[in-house]
Amino acid sequence: MQGSAAGLAYRGRTASIGFAHGPLVRVDAGAGGERVAGTLVEEALALRKAIDLASGQIADLAASAGGEAAQILEFQVALLEDEDLIEAIFASIGEGRPADVAWRATLDEQIAAYNSAEDEYLQARSSDLADLRDRVVHILRGDAGEPLKIPSGGVVCADDLPPSRFLEIDWSGGGGLALLHGSPTSHVAMLARARGIPMVVQLGAIPDAGATALLDGEGATLELDPSAEQVRIFEKRRESHRKSRASARAILRRPTASWRGEHIKLLINIQRVDDLDHADAQYADGIGLMRTEFLLSRRSELPDEETQFQAYDSVLRWAGQRPVTIRTFDAGGDKPVPGFTFDGEANPFLGVRGLRLCLARPEIFTVQLRALARAAVRGNLKVMFPMVTSADELEAGRKLFADIVQRLQADGIAAKLPELGIMVEVPAAALAIASFKASFFSIGSNDLAQYVLACDRSNGALAPLMDPLHPAVLELIARTAEHGRRAGISVSLCGDMAGDPRCLPALLNCGLRELSVNASALAQIKQTIDRLSSGGSVG
Amino acid sequence: MLDKADGQIFTGSVRLVHAVGMHARPAVKLTKLAKKFQAQISVRVAGAPEWINAKSVAKIMAMRAAHGSTIEIKASGSDAEAAIAALVDLVASDFPDGAG
């Protein structure tokens with residue numbers, strides 16, 4: 001077992017897609033030697049000098065990197081200029097601690113605080129602090145300034161890699177990044193995506209051996225000392241990825257997808273406002289589904305009208321003229337919300353959830369409808385209700401909404417009633433589709449399939465039965481699309497089926513011409529439609 | 001240190017509209033702007049027990065102000081009034097690039 005890693009493959013999490021085949025380069029945090037501490041004054045001076053030097057180094061890096069990288073590094077510079085933080089370290093040196101020990105203790109405290117944050121974003125910031133900590137410690141130990149020597153195209157393997165170390169590496173010859181820990185939301189992951197450097201995180205433990213590595217950022221795998229056969233398969237994957245990515249991105253820039261001469265509208269689903277940052281989001285024809293449950297998860301209390309209005313307004317501003325469909329709170333079922341949903345339901349999926357819950361909690365629903373009514377004057381807003389069973393529920397929601405609009409207007413506040421539609425996810429709604437006076441329909445195929453097939457979608461044992469292409473599911477989709485076509489009402493589908501290339505031929509054949517998918521799936525779906533249109537297969 | 005005797009305390013409050021709350025970039029902009037003033041400036045999330053030095057990026061980050069929360073600002077010193085106005089404007093205008 002002498003440290004042979006030949007042919008072994010390890011799986012992690014994707015942080016940036018792409019492929020790298022090259023020498024494996026291990027980068028250690030560098031334990032370094034111990035330094036001999038001087039007098040109190042010498043230690044204080046040493047730290048002051050180290051901070052100034054670090055500040056200069058980071059500023060130089062920021063200047064040469066520019067853009068997003070510069071903004072990330074600015075946070076580190078601001079920390080070095082934080083007198084409260086730095087004074088505490090000097091005070092600790094004054095009590096007799098060596099400069100590096102005092103510095104490290106304070107930074108470690110900060111890092112621990114970030115690591116314990118619930119927010120994944122704040123957790124990821126701990127690597128920025130670790131970066132800064134190590135830079136100053138290296139300077140204090142006198143081993144500063146040696147840039148990482150990475151052979152061109154190398155696969156860099158480290159526990160975690162701080163942003164400044166990433167920027168010191170010359171990536172012009174390609175290469176990739178394999179981290180044993182790390183996070184896809186870290187600054188270094190953002191930099192890797194921006195540069196197109198493949199990156200896999202959370203690989204766990206890998207043996208301390210291996211000369212050559214294959215890194216597949218798409219499959220999130222790292223293969224060490226691969227056999228000729230492994231290399232051949234890897235290169236094939238790399239080539240097909242390159243081709244499909246190039247053509248998918250080219251297709252993405254075309255104005256609209258079309259199939260047999262008909263336009264197919266491709267919209268995106270968003271879970272929160274930040275999802276609009278995805279590079280491909282701009283190519284969407286609009287937002288087919290904006291979920292609003294994120295507003296319920298942030299704090300212990302429910303979000304007020306202004307908070308909601310700001311969130312809806314920022315999405316409408318982003319979309320400009322394009323339509324934005326916002327779904328009212330879909331709490332309940334597998335999404336309990338303290339202070340909102342009912343506890344102790346024997347079968348929450350068939351319980352008081354979606355619009356049923358909102359109508360039962362008018363004090364909460366009213367706040368959301370007020371925010372939506374105000375947002376409606378700011379852009380092309382459509383509002384849809386989830387989990388609707390009967391036409392009476394839609395009308396009850398509409399009446400509540402209309403009263404709210406009237407009250408706002410009476411108070412001199414700009415507001416209007418947006419177009420109202422429903423999610424089609426209860427089989428009864430799909431079967432009695434003509435009874436709903438909705439301006440649009442959006443098929444929620446995940447719940448629709450779960451209810452039609454009588455399969456809990458979270459129950460893995462039922463996976464083989466949970467087939468969205470079951471004829472019964474397709475029948476309901478086709479009926480809904482057919483009704484829309486005859487009545488001149490738009491029908492879209494926003495469930496996982498829309499983002500699954502294998503389901504596309506069936507959906508198009510059912511008569512659907514509007515699909516809403518995650519931004520990351522947009523290119524592939526547009527490309528698949530293009531292939532199907534020219535008589536090709538799903539690919 | 002500023003003596004309270006030499007000046008009035010000015011206060012302001014503003015809603016944090018930034019989509020992800022008081023994260024690294026907004027925190028850096030806020031402290032940079034605060035440092036342009038002589039005044040002693042403190043901030044807190046409305047109702048929080050402790051006031052925080054607005055010139056310390058580490059403390060501003062540790063405040064963990066979420067999207068939609070209200071930030072209270074108080075300042076004392078010669079340019080306190082201008083400091084409040086500038087900081088409220090920065091937060092209200094969602095930390096525009098080039099500000100701070």
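How exposed is B:Arg64, and how many other C-beta atoms lie within 10 Å? Point 7 has the answer. A few notes to read alongside the structure:

1. Ground rules. This is a predicted model, so local features need pLDDT of at least 70 and side-chain atom pairs count only at pLDDT 80 or more, while totals for chains, interfaces and linings use all residues. Residues are numbered from 1 along each chain as its sequence is written, and chains are lettered from A and ligands numbered from 1 in the order in which they are written.

2. Chain A overall. Chain A has 18 helices and 17 strands (DSSP runs numbered from the N terminus: H or I of at least four residues for helices, E of at least two for strands). Of its 539 residues, 42% are buried; buried means 20 or more other C-beta atoms within 10 Å of a residue's own, exposed means 12 or fewer, and partly exposed is in between, with C-beta atoms placed from the backbone. Among the contacts in chain A with a separation of 6 or more, 67% are between residues 24 or more positions apart. Two residues are in contact if their C-beta atoms, placed from the backbone, lie within 7 Å.

3. A helix pair to look at. In chain A, H10 (residues 305–319) packs against H12 (residues 362–375) at an angle of about 40°, with the axes 9 Å apart. Axes here are lines fitted to C-alpha atoms, for helices over the stretch in contact, and angles run from 0 to 180 degrees between N-to-C directions. The contact includes A:Phe309 and A:Tyr312 from H10(A), and A:Leu372 and A:Ala375 from H12(A). Its residues divide into seven nonpolar, two polar and four charged. Nonpolar covers Ala, Val, Leu, Ile, Met, Phe, Trp, Tyr, Cys and Pro; charged covers Asp, Glu, Lys and Arg; the others, Gly among them, count as polar.

4. More on H12(A). Its 14 residues reach 19 Å from first C-alpha to last, close to the 20 Å expected at 1.5 Å a residue (that is, 1.5 Å times one less than the number of residues). The buried residues of H12(A) include A:Phe365, A:Leu369 and A:Arg374. Among the elements covering them are H10, H11 (355–360) and H13 (391–410) of chain A.

5. A strand tucked away. S7(A) (residues 212–216) is largely enclosed by the rest of the structure, because four of its five residues are buried. S7(A) pairs antiparallel with S3(A) (residues 19–27) over five bridges; strands pair if DSSP finds at least two bridges between them. Here A:Pro23 stands opposite A:Thr212. Four bridges also join S7(A) to the antiparallel S8(A) (residues 221–224), where A:Ala213 faces A:Leu224. S7(A) and S8(A) form a hairpin with four residues between them, and A:Ala220 in the turn has a positive phi of about 60°.

6. Chain B and its neighbour. Four strands of chain B form an open antiparallel sheet in the order S1-S4-S2-S3, with S1 (9–15) and S3 (52–53) at the edges. S1(B) and S4(B) (residues 70–76) share seven bridges, and B:Gly12 stands opposite B:Ile73. As for the interface, 19 residues of chain B are in contact with 22 residues of chain A. H1 (24–34) and H2 (57–63) of chain B each give two or more residues to that side.

7. Back to the opening question. B:Arg64 is partly exposed, with 16 other C-beta atoms within 10 Å. B:Arg64 is in the loop between H2 and S4 of chain B, and its phi is near 50°, a positive value in a residue other than glycine.
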